[in-house]
Amino acid sequence: MSTPTRETAKVPAVLVLEDGRTFRGRAYGAVGETFGEAVFSTGMTGYQETLTDPSYHRQIVVMTAPHVGNTGVNDEDPESGRIWVSGYVVRDPARKPSNWRSRRTLDEELAAQGVVGISGVDTRALTRHLRERGAMRVGIFSGNALPDEGTMLAEVRQAPEMKGADLAAEVATAEAYTVPAHGTRKFTVAAVDLGIKGMTPYRMAERGIEVRVLPATASLEELYAAGPDGVFFSNGPGDPATAEHPVALMRGVLERGTPLFGICFGNQILGRALGLGTFKLKYGHRGINQPVQDRTTGKVEVTAHNHGFAVDAPLDGPFDTPFGRAEVSHVCLNDEVVEGLRLLDRPAFSVQYHPEAAAGPHDAAYLFDRFVSLMEASRA
């Protein structure tokens, strides 16, 4: 098995799950201890985008692909200004990156940003365990003076759970900023940052949209001060049941009838704004190969996901909400989880996945065009 050349690769490390299951390996990235929710990602590529996705805040990501790090780390692909995962678990880290854009190794980047990881772990066994038992709290410990397993397990069980966590404001921008349209400006969109990825406003800018990104705490008055033609609610971390302010903000947008588009956390916020409930999935959907059907067209898309919560909505037809009729527009073909909502009497829709495709397939890029069509119809 190949290993990184850094000296930390020789340092022992232990991964401890809250149910007592333990995996031993070697340090990867920073040496120390870290805690979070153990989740697995099925993507074989795009690890740099995964690491820098704010939706992974307070999660320790297990990569199901065995060989990770072979393209190194570059300065063009990050989705935000930092790594957000709490920890990283890989089986067989690349000894030397091989890509013309690489500037440093993944191991070096993790260490530089203080992200504690572990390598040499049987990630297949760990993933099967999480699929059977569900996502749970986990700790990674590394160094020459590791505590005993009983102490490590006690510390893991003291860590906060993801259920009930209110995290969007911790990852959102503190100050509003603007992403200019490419070429002629056709529309202005106010984007509520709940953990937005950098590629999302870029995809809108490609379509002639000026995107004014606002903090998660923005008021309705601040949102409409931008004079938006449409409103966007982004992805983000945490339990949607705690997101009282974003839900109230979205209800204000729905009352005004402004074209609205939400993704991921934004889909859950729309569900709550319509009076629906949300629930925690057993182990969630994470990766870039999830099959989803667009029920409005019948088309099946391969899509990029990162969510541990879902909307509880009826799949058997339209239902009534305070804002008119709505329906489930997209559904996951693996487990029939709701992957999209659409209002029938107002210009609003959302999906539970990442149409910006960073990383991932481009099957869902049409959703940005659908948003443009809503704004065109509203202007007309």
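Trainee: Where is the place of Ala359?

Mentor: This is a predicted model, and the peptide bond leading from Ala358 into Ala359 is cis, with omega near -5 degrees. As for its place, Ala359 belongs to the loop between E20 and helix H10 (366–379).

Trainee: Is Ala357 buried or exposed?

Mentor: Ala357 is placed in the loop between E20 and H10. Its phi is near 55 degrees, a positive value in a residue other than glycine. The relative accessibility of Ala357 is 9%, and the limit for the buried class is under 20%. Ala357 therefore counts as buried.

Trainee: What is the relative accessibility of Cys264?

Mentor: Cys264 is not a glycine, yet it has a positive phi of about 55 degrees. Its place is the loop between strand E14 (260–263) and helix H9 (265–273). Cys264 counts as buried because its relative accessibility is 2%.

Trainee: How many residues apart are Arg137 and Glu18?

Mentor: The side chains of Arg137 and Glu18 meet in a salt bridge, at 3.1 Å from N to O. Arg137 is in strand E9, whereas Glu18 is in the loop between strand E1 (12–17) and strand E2 (22–29). The pair thus links distant parts of the chain, and the separation is 119 residues.

Trainee: Is Arg137 buried or exposed?

Mentor: The relative accessible area of Arg137 is 13%. The buried class covers values under 20%, so Arg137 is buried.

Trainee: Which parts of the chain hold Arg101 and Asp77?

Mentor: Arg101 forms a salt bridge with Asp77, with 2.7 Å between the closest N and O atoms. The pair ties together parts that are 24 residues apart in sequence, because each partner lies in its own loop. For Arg101 this is the loop between strand E7 (92–93) and helix H2 (106–112), and for Asp77 the loop between strand E5 (67–68) and strand E6 (87–89).

Trainee: What class of accessibility does Arg101 count as?

Mentor: Arg101 has a relative accessibility of 25%. Values under 20% are buried and values over 50% are exposed, with the remaining class in between. Arg101 therefore counts as partly exposed.

Trainee: How many residues apart in sequence are the parts tied together by Arg325 and Asp345?

Mentor: A salt bridge joins Arg325 to Asp345, the closest N and O atoms being 3.1 Å apart. Arg325 lies in strand E18 (residues 324–332), and Asp345 lies in the loop between strand E19 (338–343) and strand E20 (348–351). The pair therefore ties together parts whose separation in sequence is 20 residues.

Trainee: Which residues do salt bridges that share partners join into one network?

Mentor: A search of the whole structure finds 19 salt bridges. Through shared partners, salt bridges form one network of Arg203, Glu206, Arg207 and Asp369.

Trainee: Which residues form a positive surface patch?

Mentor: One member, Arg128, has its place in helix H3 (residues 123–133). The positive surface patch consists of Arg91, Arg124, Arg128 and Arg131.

Trainee: Which residues does Ser142 touch, not counting residues up to four places away in sequence?

Mentor: Ser142 is found in strand E9 (residues 136–142). It is buried, with a relative accessible area of 10%. Not counting residues up to four places away in sequence, Ser142 touches Val11, Pro12, Ala13, Ala27, Ala30, Val31, Gly32 and Val116.

Trainee: How many Å apart in space are Met152 and Arg24, C-alpha to C-alpha?

Mentor: Met152 is found in helix H4 (residues 149–158) and counts as buried at 1% relative accessibility. Leaving out residues up to four places away in sequence, it touches Val14, Val16, Phe141 and Pro147. Met152 and Arg24 are 128 residues apart in sequence, and their C-alpha separation is 13 Å.

Trainee: What distance separates the C-alpha atoms of Pro291 and Ala326?

Mentor: Pro291 has its place in strand E15 (residues 277–294). Beyond its neighbours within four places in sequence, Pro291 is in contact with Glu301, Val331, Cys332, Leu333 and Asn334. Pro291 and Ala326 are 35 residues apart along the chain, and their C-alpha atoms are separated by 23 Å.

Notes. Residues are numbered from 1 along each chain as its sequence is written. This is a predicted model: local features need pLDDT of at least 70, side-chain atom pairs count only at pLDDT 80 or more; totals for chains, interfaces and linings use all residues. Side-chain values use heavy atoms; hydrogens and water are left out. Patches are made of residues with over 30% relative accessible area and no salt bridge: like charges are joined within 9 Å, nonpolar side chains (Val, Leu, Ile, Met, Phe, Trp, Tyr) within 5 Å. Accessible areas come from the Shrake-Rupley method with a 1.4 Å probe; for residues, only the protein chains shown count as cover. A salt bridge is a side-chain nitrogen of Lys or Arg within 4 Å of a carboxyl oxygen of Asp or Glu. Lys and Arg count as positive and Asp and Glu as negative; His and the chain ends are not counted. The place of a charge is taken as NZ of Lys, CZ of Arg, CG of Asp or CD of Glu. Helices (H or I, at least four residues) and strands (E, at least two) are DSSP runs, numbered from the N terminus. Buried means under 20% relative accessible area, exposed over 50%, partly exposed in between (1.4 Å probe, protein chains only). Contact means heavy atoms within 4.5 Å.
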